[in-house]
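My notes follow in the order I took them.

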Amino acid sequence: MDNRNAKSLLAKLMAAEDINVEYSDKAATASFDTESRTLRMPVFKDISDDSTDLFLGHEVGHALYTPQGEIHKVLEKGGTYKNFVNIVEDARIEKMIQNKFPGLRRCFFGGYNELMERDFFGTNGQDINEYNFIDRLNIHFKAGVRAGVDFSLEESIFVDRMENLRSWEDTIALSDDLYEYCKAREEEPLTDKTSESQESAESDESESEDSQTDSDGSGEDTKEEESSQGQDDSGEETDDDSESDGDSDTEDNRESDSESDTGGVEGDGTSADNGNSTSGKKGTEDSTDQLTSKTQESFDSKLEDLVDTESIRTYYNIPNIELDTVVVPMSEIHQTMDKKLREENALDLLEVAAKKFKEFSNEQKSIISYLIKEFEMRKSADEHKRTKVARTGILNPNKLHAFKFSEDIFLRNSVVSDGKNHGFVMFVDWSGSMVSQMADTLDQLMMLALFCKKAQIPFDVYAFTTSYGGHHQSKSCGGFYQFDDLKDGDLGIIDNFNLLHLISSTLKTSAFNRSMTYVSYLRHMFAYHTSYNSEISWELIGDFMLGGTPLNEAIIAALSIVPQFQKNNNVQIVNTIFLTDGQGQNKQYRYESDIATFQDPYGRSSESVIVDPVTKKHYNGRITDKILLEILKDRTGTTLAGFFISTSNKKSFSTDCWHMNVPWDQVSRLWDSMKANGFCVVETNGYDEYYILASKNLRIENNGLDGIKSDMTKGKMKNAFVKAQQGKIANKKMLSKFAELVA
């Protein structure tokens with residue numbers, strides 16, 4: 001794995017571009033997709049470093065020198081013509097990449113030497129000079145003079161042109177002429193073309209003179225041959241501007257994963273015709289041989305045997321989620337709740353919820369003020385770091401007396417670099433396992449929203465769920481969303497995933513308070529249907545019942561939401577917060593374009609690689625929230641904070657730590673912090689800081705003296721007062737820690 005990663009980085013550096021490098025289980029050979037800028041390498045089971053570097057260097061040559069998008073024009077002329085373009089273009093880009101990186105010359109020499117010794121071209125024990133022209137060109141420009149290939153004077157013209165290719169236009173012009181030349185040769189009467197190609201020009205002239213005096217009429221045949229030869233010479237001089245893409249690897253890989261450019265090095269691309277193209281002419285064996293590269297067919301066959309089919313890597317692409325499809329806007333949430341309450345004649349409950357929210361807001365003023373103070377203090381400390389003192393260039397009269405002893409006689413002022421503005425995007429877990437903590441979690445959420453609103457910090461709040469009643473599956477495909485721009489390998493997003501847009505700072509004060517009223521209703525609805533100890537019977541709204549935990553889907557959606565939020569609000573620092581009890585649904589389905597549905601290849605895959613198409617970074621391992629959070633941070637630069645809600649006993653806490661991959665030697669220390677402070681901070685799971693909160697400490701106490709009664713003894717009053725203050729101190733500790741992170 002380390003060697004593959006190193007080779008991938010080397011390929012990116014040589015290409016001077018952040019190309020995508022994949023080791024594909026479906027690739028028969030190395031290939032480069034000039035449109036998606038993806039270099040695909042198979043996993044070889046027995047190959048030297050020189051050969052590996054040969055394949056990589058060849059494909060980087062395509063990345064640097066082969067134009068994008070030309071392959072379609074080549075295919076219009078057929079697979080046989082495309083083979084000629086491949087061989088010619090490969091000769092050009094291999095020479096250019098070795099000139100750019102001279103160190104590759106040794107790798108190319110050693111790599112081709114290995115392939116020749118292992119008879120990859122099927123020439124061992126054979127006389128290469130008995131092969132057709134295209135095969136001899138292929139071998140000559142792969143192996144060089146050591147192959148001992150001979151060319152006639154007529155053929156040498158093509159060899160010279162091939163050695164001096166400089167541009168893509170040169171490749172096309174030579175490919176056209178070479179194709180017409182070989183095509184004309186296959187249409188000639190059946191003769192011994194091999195010996196004919198090796199005869200000198202002087203010998204040809206002598207035979208021509210003799211044939212003209214031949215009394216049996218053979219001179220006419222010779223004149224026909226001369227006429228044909230004249231056409232060849234004419235064809236050589238013509239310059240057909242047909243465009244093509246020398247990168248056979250690219251299109252073949254798209255057409256059939258098992259038939260990618262069967263020589264990402266060779267660039268032959270015979271897969272388009274399965275090596276059996278006769279170009280539809282006379283259909284004779286001699287005719288077929290003139291336009292078919294036997295050396296490439298042999299290479300394809302040998303290369304397939306070299307691919308390691310046991311070590312499979314499956315690549316997943318991060319999909320581009322259509323937010324309009326998955327996000328439920330606040331207006332729809334409010335309309336749905338209004339409709340349900342109206343049907344149950346319970347609209348007056350919204351007035352009660354509004355009153356409850358107002359009470360909550362008043363009760364939390366002190367803690368919100370404390371959080372704002374901590375936040376501003378952290379910002380001020382950061383501002384102090386950016387402050388520097390500069391001379392103004394104006395004399396300071398109070399220092400003129402010291403001009404003989406000091407140059408510091410100018411007035412000074414403090415220059416403060418521009419500060420950074422902040423924003424928050426919050427995601428709350430709307431799953432069934434949160435039911436006992438949902439009321440308290442929404443209290444924390446409303447408190448954070450009030451903090452942001454008062455501090456004039458832009459924010460948005462979403463709830464991720466699989467059970468929204470208004471969900472529709474108009475874009476469903478096998479249980480997953482079928483977005484418009486689905487690509488092969490895109491990770492599946494379950495089709496019952498939704499984001500409920502609960503609160504936003506973009507609302508005016510009245511609309512904000514109304515939005516908070518609906519959240520307050522949901523808070524009391526969950527509290528009532530969990531404990532049933534409320535004096536008010538809060539109507540259950542089925543559309544907002546708790547469901548599964550689409551945490552991974554929420555993180556992938558955040559990849560689009562966070563940059564959009566940052567752009568819309570013009571903020572520099574975005575803090576992304578997840579309030580959850582973890583355990584997301586780690587479904588590992590990917591879109592298979594050839595069958596137009598989603599499949600789970602994990603059972604046959606020993607390695608999984610997630611590719612971010614934006615950053616082009618690769619992440620190895622199963623698709624978990626940790627890896628997805630790393631992708632989110634790498635792509636957006638956001639600060640990540642997680643609030644994990646745990647039960648309050650050590651056994652459950654230890655289990656939670658195990659699920660979070662916390663080292664066992666740290667569990668005891670974290671548990672001690674939980675007991676002492678009501679929370680602990682874990683640096684794991686991809687977050688900058690991950691707060692584990694005891695579920696009992698989620699509750700926001702409205703009044704610390706509620707537990708003190710007039711008939712209590714002094715000792716009991718003291719204990720109740722101390723207990724209440726300890727809760728406030730613990731909560732303030734957490735808030736201070738949180739403010740330090742987000743500021």
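This is a predicted model: local features need pLDDT of at least 70, side-chain atom pairs count only at pLDDT 80 or more; totals for chains, interfaces and linings use all residues.

Residues are numbered from 1 along each chain as its sequence is written, and side-chain values use heavy atoms, with hydrogens and water left out. Helices (H or I, at least four residues) and strands (E, at least two) are DSSP runs, numbered from the N terminus.

**Entry: strand β16**

I looked up β16, residues 607–611, and found it mostly covered, with five of its five residues buried. Which residues lie on each face? Glu607, Val609 and Val611 are on one side, and Ser608 and Ile610 are on the other. Both faces are covered.

Next I checked its partners. Two strands pair if DSSP finds at least two bridges between them. Strand β4, residues 313–317, pairs with β16 in the parallel sense over five bridges. Tyr316 has Ile610 as its bridge partner in β16. Strand β17, residues 618–620, runs antiparallel to β16, and three bridges join them. There, Ile610 stands opposite Tyr619.

I then followed the chain from β16 to β17. The two form a hairpin with six residues between them. Lys616 lies in that loop. Its phi is positive, about 65 degrees, although Lys616 is not a glycine.

**Entry: helices α19 and α20**

Two packed helices are described by the angle between their axes and the distance between the axes. Axes here are lines fitted to C-alpha atoms, for helices over the stretch in contact, and angles run from 0 to 180 degrees between N-to-C directions. I found that the axes of α19 (438–454) and α20 (509–531) come within 8 Å and cross at roughly 165 degrees. The pair is therefore roughly antiparallel, a label for angles over 145 degrees.

Which residues make the contact? I counted contact as heavy atoms within 4.5 Å. From α19 I listed residues including Met438, Leu442, Met446 and Lys453, and from α20 residues including Phe512, Val519, Arg523 and Phe526. By class, the contact has twelve nonpolar, one polar and four charged residues. Nonpolar covers Ala, Val, Leu, Ile, Met, Phe, Trp, Tyr, Cys and Pro; charged covers Asp, Glu, Lys and Arg; the others, Gly among them, are polar.

I also checked the loop between α19 and β9 (459–465), where Gln456 is found. Gln456 has a positive phi of about 55 degrees although it is not a glycine. Is Gln456 buried or exposed? It counts as exposed, at 71% relative accessibility.

**Entry: a three-stranded sheet**

This open sheet has the order β1-β3-β2, with mixed pairing. β1 (20–23) and β2 (31–33) stand at the edges with a single partner strand each, so one side of each has no neighbour in the sheet. The twist averages 20 degrees from one strand to the next. β2 and β3 (38–41) run antiparallel and are joined by three bridges. Ser31 has Arg40 as its bridge partner in β3. Helix α2, residues 49–65, packs on the sheet and touches β2 and β3. Its direction makes about 160 degrees with that of β3.

**Entry: helix α6**

Last, I looked at α6, residues 133–143. It is mostly covered, with eleven of its eleven residues buried. Among them are Phe133, Asp135, Arg136, His140 and Lys142. Just after α6, Gly144 takes a positive phi of about 80 degrees.

Methods:
Buried means under 20% relative accessible area, exposed over 50%, partly exposed in between (1.4 Å probe, protein chains only). Angles under 35 degrees count as roughly parallel, over 145 as roughly antiparallel, 65 to 115 as roughly perpendicular and the rest as oblique.
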